Amino acid sequence: MAVFSIISITAIAQKGPKIEFKAKDNTIDYGKVYKDSDNGVRVFEFTNTGDAPLIITNVQSTCGCTVPSKPKEPIMPGKSDKIEVKYNMATGPIRKSITVETNAVNAEGGKVHLKIKGEVLERQEVNLMEKKKVGPMQ
C-alpha cells in the first residue's frame, strides 16, 4: 500500500516546466474600445511554475489581424515573461485565438490557447452645421 501511494504521488507531481498565465481563463477582454484611441496591444503575462526551463517554440494567431510576439530565450523556473498581442483594431466584434506551443508538462501536447475578445467602435462624426430634426412636423 505504501509503495502504491508513493508511485501515485510521483505521478501527480509532474517534473519539468509549467506555464501559468495571469489572465483569467487565458482571456483578455478589450471591452468596448474606440479604433482611434487604442493601439490594439495587449499583454499576456505568465510564469514558469515548474522546475525546468520553459521554452516557447511558437505563437500563432488564427488570422493575420492579430500579431503575437514570443520570448526568444528560455524562461527559468520561478521567472515570468510575456506574450504581446497586437490586434489591427478593425471595427466590429473581436473574437480571436492565439496558440502557444511550449515544452510545458501541464499543457496538453504543450499547447496553450489564449483568447482576446471585445468590440472596436468607430466614433460618429458630429456635423455642427447640420440642422437638427426636432420632431415629426418639420
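Buried means under 20% relative accessible area, exposed means over 50%, and partly exposed lies in between (1.4 Å probe, protein chains only). The model is predicted, so that local features need pLDDT of at least 70 and side-chain atom pairs count only at pLDDT 80 or more, while totals for chains, interfaces and linings use all residues. Residues are numbered from 1 along each chain as its sequence is written, and side-chain values use heavy atoms, with hydrogens and water left out.

**View 1. An open sheet of four strands.** The strands follow the order β1-β3-β6-β5, with antiparallel pairing. At the edges stand β1 (19-21) and β5 (66-69); each has a single partner strand, so one side of each is left without a neighbour in the sheet. On average, neighbouring strands are turned by 30 degrees against each other, direction ignored. Strands are DSSP runs (E, at least two residues), numbered from the N terminus, and two of them pair if DSSP finds at least two bridges between them. The angles come from axes, which are lines fitted to C-alpha atoms; angles run from 0 to 180 degrees between N-to-C directions.

**View 2. The pairing of β5 with β6.** Four bridges join β5 to strand β6 (residues 80-87) in the antiparallel sense. Threonine 66 stands opposite tyrosine 87 of β6.

**View 3. Asparagine 48 in strand β3.** Asparagine 48 belongs to strand β3 (residues 41-48) and counts as buried at 0% relative accessibility. Its side chain reaches the backbone oxygen of isoleucine 75 at 2.9 Å. Leaving aside neighbours within four places in sequence, the residues in contact with asparagine 48 include Pro17, Leu54, Met76 and Gly78; contact means heavy atoms within 4.5 Å.

**View 4. The salt bridge of glutamate 45 and lysine 22.** The structure holds five salt bridges, each a side-chain nitrogen of Lys or Arg within 4 Å of a carboxyl oxygen of Asp or Glu. Between glutamate 45 and lysine 22, the closest N and O atoms are 3.1 Å apart. Glutamate 45 lies in strand β3 and lysine 22 in the loop between β1 and β2 (27-34), so the pair ties together parts that are 23 residues apart in sequence. Glutamate 45 is partly exposed, at 38% relative accessible area, whereas lysine 22 is exposed, at 60%.

**View 5. The salt bridge of arginine 42 and aspartate 38.** The closest N and O atoms of arginine 42 and aspartate 38 are 2.8 Å apart. Arginine 42 is buried, with a relative accessible area of 18%, and aspartate 38 is buried with 19%.

Conventions. Polar contact = N/O pair within 3.5 Å; in protein donor to acceptor, adjacent residues only side chain to side chain.
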